[in-house]
Every structure is written in C-alpha cells, then in structure tokens.
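I'll jot down what I look up as I go, one topic at a time.

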Amino acid sequence: MTSWPRDPNIGPAAAAAAAGPTCTKSGASSLSLFIPSPLLTVQSRANFASQSPGIFGSEALVREERGLRRRSDLTSCVGGLGVCQQKEEEEAADKAAAMAGGVRGGLPAGVEIRGEFRPCYESILTHEALAFVAALEREFRPRVKYVLQCRKEQQARFDAGELPRFDPATAAIRDGDWTCAPIPDVIADRRVEITGPVERKMIINALNSGAKMFMADFEDSLAPTWDNIVRGQINLRDAVNRTITFEDTARNKKYELKEKTAVLLVRPRGWHLPEAHLEIDGEPATGALVDFGLYYFHNQAAFRAAHGQSGPFFYLPKMQHAREAALWNAVFERAQAAAGAPRGSVRATVLIETLPAVFQMHEILYALRDHSAGLNCGRWDYIFSFIKTVRAHADRLLPDRVLVGMTQPFLRNYTELLIQTCHRRGVHAMGGMAAQIPIRDDKAANDKAAELVRADKLREVRAGHDGTWAAHPGLVPMVLEVFDANMPGANQVHVKRDDVSVTCQDLLQMPKGVRTLEGLRLNTRVGVQYVAAWLGGTGSVPLYNLMEDAATAEISRVQNWQWIKYGAMLDGELVPTRVTRDVFQRVLAEELERIEREVGAPRFRAGRYQQAAQLFARQCLAEQLDDFLTLDAYRHIVRLVPSSRI
Ligand SMILES: CC(=O)SCCNC(=O)CCNC(=O)[C@H](O)C(C)(C)COP(=O)(O)OP(=O)(O)OC[C@H]1O[C@@H](n2cnc3c(N)ncnc32)[C@H](O)[C@@H]1OP(=O)(O)O
Ligand SMILES: O=CC(=O)O
Ligand SMILES: [Mg+2]
C-alpha cells in the first residue's frame, strides 16, 4: 500500500513544484503566503486519511477538522507576519485556519509553529507532514521521556559508585545465535562515507565527492536553529529528487549534482534535544522525531524508487541503551506502516558513542535487527561520554585531549569489540572520524595531517572495519585508496574477529598521558570559539587545522569541568600546578584575548565570543555537570514568535 504517492498533492513531486525557487536567507514572509493553496482541500485530506488508516485514521482527521474550526478565533498568525481578524462565518473561519502560519491546508489540531515562517518553508511544513510528525510525537513522546528518565537513573547509579557493565539480564541476547536482516545491495559497499551538516552547498559537494555514502547531519555538525532545520529539510528533499542546485554569486560558481553521487544517510538529532519552534499539544516537539518525520514523510517514496525499494537510510546518535534503539525501531515500524512502505525498508546505523552503549551492542542490534545497517564508532562523543559517565569518580581524570587517540587501549578495545559484534550479527562495523582536514597554505603541515588520517584509516581497515568517515571532500580519494588497497570485497563482514576478547575492565581502562596547562588552554580556546560559531548558527568549524563539532567541543568542556571539579594536577608541567577555579578564570581571560588577536578585533566584536565565553565558563565551573552543552546553548538560539494558540 502506498498512501503518499497516490495523492498527487502530497509527496516529492508536489513538494518540488510548490517549493519554487530556492529560499534566500533574507527571504521575508509576505501576506501573499496566506492565500490558501487550492492544491489541498479538506476533501483531498479525507482521501489521504482513508488510504492510510492507523495514525492517519479518519477519527484523527475529524479531530483535526474540529481543531481547524476552533482556530477561527485566531487573533494573530504564527510568524508575526500579520494579523488575522476574528471571523464569525464558517467560511472565513476555514480560510483563517487554512492560513495559520502559512501552512497549506492549515495547521493540524494541536500543532503550533512557534518559529518564524518563511515562504520557502511552505513546501516542508505542510499540513500532512506536520500531522505525521504530530502523530509520531503523540505516540512516542511518553517513551522518549521514559528513556531520558532511565538515563538519569542510570547516571545516578554511576554517580553512586557503580561502573558500566554487561547486563546479566540480557546475556541470552549476547550469547544467542541470531543475525540481523541481510544488508541491502545498495549499501553493501560503504567504504568511505563523507559527513557534513545539511547545508545546501555542502550537500552537493558531499554527494559529488566520490564517497560511496554521505551522512547528512542534523546532529553534531549542525547548530539546530529553526532556519537550519527547515532549510536542511528543503535541501535534503531537493537532493533526494536530484533537483538540488546552488549558486555562489560572489564567486560566480554554480553547483549541481554529477551523474553518479553518494547514497544519502540522514542523522536526526539525539533523543535529548527538543525542537522548541514546533509545539505539539502545548509541548516542544522531540527534535529527533521532527528531523526523522519530516524527512521520511517527504522523501521515503522517491528514495525507495531510486534505490531498489530500500531505504531511506539513517544514522542514530548518542543512544545509551537498547531500549532507545527499540524506540527507534517502533518509530520505523510506525512510519513504514503509515506510508505503506515495505517493513524493513528503513535501515539505520547506530553510533556507539556513549560508554553505556558499548555494553549494549548486541542488544541494540537485536532491538533493530529488521532495520539495522550496523554500528559505527563515534569516537568523539564516546570520549566525551567516557568522562561524563565517570563524572563522580575523582580517580578517573583523563590526560590532555590531544593524547586521547585511537591507539589508547580503551578506545582500541571498544572498536575491536564493535567489529566482532557487528560481524557476528552480519552487519557493517563502521569506523569513525579523524579530525584532521586539508591545510591549504602549508604543504608540510598538510602532508603531516594527511599522514595522520591515512594511518587512522589503515588501522581501521586492518582491524576489520567495513568503511569509515571522511570530514572533507579533499580526503575522500586518499581514504578510498586505503580501503581499496586493503579491502578487496564490498565489505569484510566475513572477518569474524574471533580473536578479540574484551572485558569490562578493558573497556574502562584509563588512558595514559599527562595533563598540561596547554591542554587546559586549548580546551578553553577551542570550546569558546566553537560555542561562538554554534550560537551564530554554524555547527562545524575548522579550528587550528582540525574539524571541531559538538562532540569534540563537549570533550573540551567536560575535561575542563573534571579537572576543575577535582583539582587535577597538571603533571606534565615542570612545576606541577593544580587546576582551580581561579586558574581556569585566568586561562579563560587570556585565551579570550588570544582569540581576539587571532580573529581580529572587528570579527571579535561582531561575533558571539563574549557570550560563548560566559556560557562555556558557566558549564566548566558548574557544581553538577550538565548533560549536554548544546542543551544549555539551545536556549540562546531559540527564536519564538507570538503563538497562534487560542
Ligand atoms: C564527531 C562527528 O560527529 S564527525 C561528523 C560531523 N562533523 C562533520 O561532518 C564535519 C564535516 N566537515 C566540515 O564541516 C568541514 O569540512 C569543516 C567545517 C571542518 C571545514 O570546512 P571548510 O572550512 O569550509 O573547508 P574548506 O574551506 O577547505 O572547504 C573547501 C570546499 O570543500 C567543501 N567542504 C568541506 N567539507 C565538506 C564536507 N564535509 N562536505 C561537503 N563539502 C565540504 C567546502 O564547502 C568548500 O567548498 P567550495 O570550494 O565549493 O566552496
Ligand atoms: O558522531 C561521531 C562522533 O565521533 O561523535
Ligand atoms: Mg557524535
């Protein structure tokens, strides 16, 4: 059953037609937006609902229509774009409802757009797409809250002295002889995956990069401003439909897709991040469900049509337990059923990037066994999570961030166990991201950076990884070369790594190395600059020739916090010094001055460095560690407009 494609008014073709020209950043909404679309009538919605029972059943539609009536009382429109006069007559009421927030067909009952509504959003924030997201939210919100509460309770146990371990209750899953559903042909060979935010030009560059796959990111590398989120959906829709283009007028450069492009994977936000600009029944929506729901709704049919009925494909970030994977699995089941898509067409790769999750890898694959595309070593968040999980253990202070590399035993053990686990279950074990990026103006430094990436990729392919990540198109040819030379087949799932034997202690082994004042300085300098960029709407930046994103910045933050909290000795100094609040404050002041010198006074003044420094300092000095830097920072990028709620 294919309910979406049957309705000519809904789905990619209609969306593309409705999208019109690419939205420009400055594109302000105009009143013409409020003309209700003739494309979408109550009748067409009723047809759609009758084709897709389940979450779009007719009862829900009736409720929706009643809600639309109530909206006749609207006194102001979402987006601060104009004022709708109260109307008595039913006809006028319908019209006002249809116009609410510029959403064609009106907002579904209980849905509020609290962010600005730009003209180009119209093709993404449609009545049907929002109703789909709302249905997911209503069904899964309690479970999202539950898994987040479980995280809190688990952390309380760690704080009370427990250490992560394999769960005796699920030994049968770990010991059992089962495999995940076979890997679809279209993703059998994923030797190089480029990653990047859902930014228009970067999407085109990434798809054209020569990588096998492209992970388009709503997570670590994206600052989730409302505009970035909705524009990201527009960009992805155009990418799936292969209509995406971009014109850099300043450089007189046009971008379009080559004939052969990478296969798209999408990483929605983690379970913890809310989407404040979209409210469902008076509460902010779950960022993950917004990203997944909008993308799935608009693209599932076109994606499958282009990929032998497989897909869409996803990456799932920052999970801590198999119950969170089971939640994603339920979301996939529901979405597929609503779309009439084949069960198991959606495939997802889970990032093992939290310390608790490494003890749950078999369980996570089991929970997603019909929708799994394997696991990935998200090394940066993993290091962050390692520190965060043992936050109450004063004896677990890490050395300088630059010393925590992939050959440290705790990281090597985790990657090898991940490879063994995935291959035993018949799915891909993906490698991770080396942070080095090309350095344009210094050949020697560039060669050195390239060598570090090459060594990292060589280690990965030799260990048995089936593919890896590249941060930049300039690295793709070299990474491909390493995998081509060492992985003759499409993957090496057949390499079972029975030799690997990893215990709890092996995964918790402390990394070796010293702590230095320069380590504290670098954490601070990088952390502040990253937060400043993020507050300005950019989620991945080059800093000191390395890629920095939310995960790497988190390491800087929690490492500083850990050192300050426990008065770590900087034992790598000639005269060992203790880190105190005072030492940190002095370092922060000096590093801010250095940043100003480096970026120049005008850019410093125009940027959000002072605000970033305050936020970063608050986080580093907090008595209790905040779970996520981005949760605190998110409050500063939320831009709400007056609500249209009655
Ligand atoms: C921990 C994790 O989660 S890792 C995964 C998440 N993080 C990421 O995905 C980071 C991806 N990488 C990036 O964002 C970028 O490479 C950065 C920010 C690190 C550096 O970007 P820039 O400073 O723009 O690099 P640079 O100036 O060398 O770029 C050259 C060209 O390559 C493009 N480019 C750079 N990185 C990418 C990428 N990952 N995808 C697509 N295009 C890219 C640039 O847009 C630019 O294009 P143009 O020449 O057409 O204008
Ligand atoms: O998402 C990847 C990571 O390393 O973190
Ligand atoms: Mg990550």
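Before the first entry I need a definition: an axis here is a line fitted to C-alpha atoms, for a helix over the stretch in contact, and angles run from 0 to 180 degrees between N-to-C directions. Also for the record, this is a predicted model.

**Entry: two helix pairs**

I started with helix α6 (residues 127-159) and helix α11 (residues 322-339), whose axes lie 10 Å apart at an angle of about 170 degrees. That makes α6 roughly antiparallel to α11, since angles over 145 degrees count that way. I listed who touches whom: α6 brings F132, L136, E139, F140, R143, V144, V147 and C150, while α11 brings R323, E324, L327, A330, V331, R334 and A338. Sorted by class, this contact has 10 nonpolar and five charged residues, and no polar ones.

Next I checked helix α20 (residues 550-565) against helix α23 (residues 609-621), and their axes come within 7 Å and cross at roughly 45 degrees. α20 and α23 are therefore oblique to each other. On the α20 side I noted R557, N560, W561 and I564, which meet F616, Q619, C620 and L621 of α23. Here the classes come out as five nonpolar, two polar and one charged.

**Entry: the eight-stranded sheet**

In what order do the strands of the eight-stranded open sheet come? I read off β12-β11-β10-β9-β6-β3-β2-β13, with parallel pairing. The edges are β12 (429-430) and β13 (468-470), and each has a single partner strand, so one side of each has no neighbour in the sheet.

I zoomed in on one pair: strand β2 (residues 192-197) and strand β3 (residues 213-217) run parallel and are joined by five bridges. Within that pair, I found G196 bridged to A216 of β3. Then I looked for what lies across the sheet and found helix α15 (residues 409-424), which covers β10 (347-352), β11 (372-377) and β12 and runs at about 170 degrees to β11.

**Entry: the three-stranded sheet**

There is also an open sheet of three strands, ordered β1-β7-β8, and its pairing is antiparallel. β1 (111-113) and β8 (283-286) are the edge strands, each with a single partner, so one side of each is left without a neighbour in the sheet. On average, neighbouring strands here are turned by 55 degrees against each other, direction ignored.

β1 pairs with strand β7 (residues 274-280) over three bridges, and I113 stands opposite L278 in β7. Helix α10 (residues 287-306) packs on this sheet, touching β7 and β8, and its direction makes about 55 degrees with that of β8.

D281, in the loop between β7 and β8, has a positive phi of about 50 degrees although it isn't a glycine. The peptide bond from G311 to P312 is cis, with omega near -5 degrees, and P312 sits in the loop between α10 and β9 (313-316).

**Entry: the two ligands**

Which residues come nearest to ligand 1? Of the 23 around it, they are G196, N205, D220, S221 and S540. G196 is the residue I had already noted for its bridge to A216. α8 gives the largest share of the shell, four residues, and β2, α8 (200-207) and β14 (541-543) each supply at least two. I counted the classes as 13 nonpolar, six polar and four charged.

For ligand 2 I wrote down D220, L351, E353, G378, R379, W380, D381, G432, M433 and A551. Helix α14 (residues 379-389) gives the most to this shell, three residues. By class the shell has four nonpolar, two polar and four charged residues. D220 turns up on my list for ligand 1 and again on the one for ligand 2.

**Entry: what the record says**

Technical notes:
Residues are numbered from 1 along each chain as its sequence is written. Chains are lettered from A and ligands numbered from 1 in the order in which they are written. This is a predicted model: local features need pLDDT of at least 70, side-chain atom pairs count only at pLDDT 80 or more; totals for chains, interfaces and linings use all residues. A residue is near a molecule or strand if its C-beta atom, placed from the backbone, lies within 6 Å of it. Ala, Val, Leu, Ile, Met, Phe, Trp, Tyr, Cys and Pro count as nonpolar, Asp, Glu, Lys and Arg as charged, and the others, Gly among them, as polar. Two strands pair if DSSP finds at least two bridges between them. Two residues are in contact if their C-beta atoms, placed from the backbone, lie within 7 Å. Angles under 35 degrees count as roughly parallel, over 145 as roughly antiparallel, 65 to 115 as roughly perpendicular and the rest as oblique.
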